[in-house]
Amino acid sequence: MEPEDRSAQRTRRRFARRQWARRWLSLRYVLVAVALVALVSTSVWLVFFSARLQVTRVEVVGNQLLSDGRVREVAGVPLGEQLALVDLSRTDARVGALAEVRSVDVTRSWPHTVRIEVEERTAVAVVELAGRLRGLDPDGIVFRDYDTPPADLPRIRPGAEAGTDALKEAATVVAALPDDLTARVDHVEVATVDQITLVLRDGREVMWGSAEESELKAEVVDQLLGAAPKAGTYDVSVPGNPTVR
């Protein structure tokens, strides 16, 4: 074979290899695209249509006052719905509207569970409203009933002019009291938002005023109770200038 023929043959082979390489590159892009479409289609089918990812369980945690059944009923999560399609924000809003619930977190737990984590309110005092003994949380929210007054919670007695704001102020005062002082309080008399009085179990009274500077007032009361144990009234409404009589 002549040198010119061998050179032409090598050129044709190189050209053929380049052509094949270009075709394979194009084919590879097509194959990748097909694989991606197949993957996306399978994922969509699994998430939105497959029975493998449907809701089969609603888990409730953190609740004591509320039963699991009550939370599930209010949540309204339908079993058999695709887990991906559950409206978590609506479920959150429904459960969060319960008076006993301070906060709630609703999440998906794959492959088939909706998890509802509840933080319930905690009572710091009780108050009688419309003939019912109700629990009051630190934010002044009335959220539960009691058959009898709990021995460890002070009772709030609102006056005729004490509205919702006054109850909230009283709840803030009680929540700020140290445990040893709370244990000595029989009840809290509330006239207005800035006329709150603690009545101790031994009959002595502490004129508290409003909820402002409650931590400082508690410190001052502790000192006064020790320094003047025979006094009948302690006025700490202005904690920088307390009086005893």
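Visitor: Is arginine 121 buried or exposed?
Guide: Arginine 121 counts as buried, at 17% relative accessibility. Buried means under 20% relative accessible area, exposed over 50%, and partly exposed in between, using a 1.4 Å probe and protein chains only. A word on the source: this is a predicted model, where local features need pLDDT of at least 70 and side-chain atom pairs count only at pLDDT 80 or more, while totals for chains, interfaces and linings use all residues. Residues are numbered from 1 along each chain as its sequence is written, and side-chain values use heavy atoms, with hydrogens and water left out.

Visitor: Okay, which residue does arginine 121 form a salt bridge with?
Guide: Aspartate 137, with the closest N and O atoms 2.9 Å apart. A salt bridge here is a side-chain nitrogen of Lys or Arg within 4 Å of a carboxyl oxygen of Asp or Glu. Arginine 121 is in the loop between β3 (113-120) and β4 (125-129), and aspartate 137 is in the loop between β5 (132-136) and β6, so the pair ties together parts that are 16 residues apart in sequence. Aspartate 137 is buried too, at 1% relative accessibility.

Visitor: Why would those side chains pair up?
Guide: In general, side chains of opposite charge can pair when their charged atoms come close.

Visitor: How many salt bridges are there in the whole structure?
Guide: A search finds nine. One of them joins arginine 134 to aspartate 145, with 2.6 Å between the closest N and O atoms. That pair links distant parts of the chain, with arginine 134 in strand β5 and aspartate 145 in strand β6, eleven residues apart. Arginine 134 is buried at 17%, while aspartate 145 is partly exposed at 40%. There's also a network of salt bridges linking Glu59, Arg115 and Glu117.

Visitor: What about glutamate 73 and arginine 70?
Guide: Their side chains meet in a salt bridge at 3.8 Å, N to O. The two are three residues apart in helix α2 (residues 68-75), so about one helical turn separates them. Glutamate 73 is exposed at 59%, and arginine 70 is partly exposed at 37%.

Visitor: New topic: in what order do the strands of the open sheet go?
Guide: The nine strands run β6-β5-β4-β7-β8-β9-β10-β11-β12, with mixed pairing. Two strands pair if DSSP finds at least two bridges between them. Helices (H or I, at least four residues) and strands (E, at least two) are DSSP runs, numbered from the N terminus.

Visitor: Which strands stand at the edges?
Guide: β6 (142-146) and β12 (243-244); each has a single partner strand, so one side of each is left without a neighbour in the sheet.

Visitor: And which helix packs on the sheet?
Guide: Helix α6 (residues 214-227), which touches β9 (195-200), β10, β11 and β12. Contact means heavy atoms within 4.5 Å. The direction of α6 makes about 160° with that of β10; axes are lines fitted to C-alpha atoms, for helices over the stretch in contact, and angles run from 0 to 180 degrees between N-to-C directions.

Visitor: Where is serine 214, and what does it touch?
Guide: Serine 214 is in helix α6 and is buried at 6%. Not counting residues up to four places away in sequence, serine 214 touches Val173, Ala176 and Trp208.
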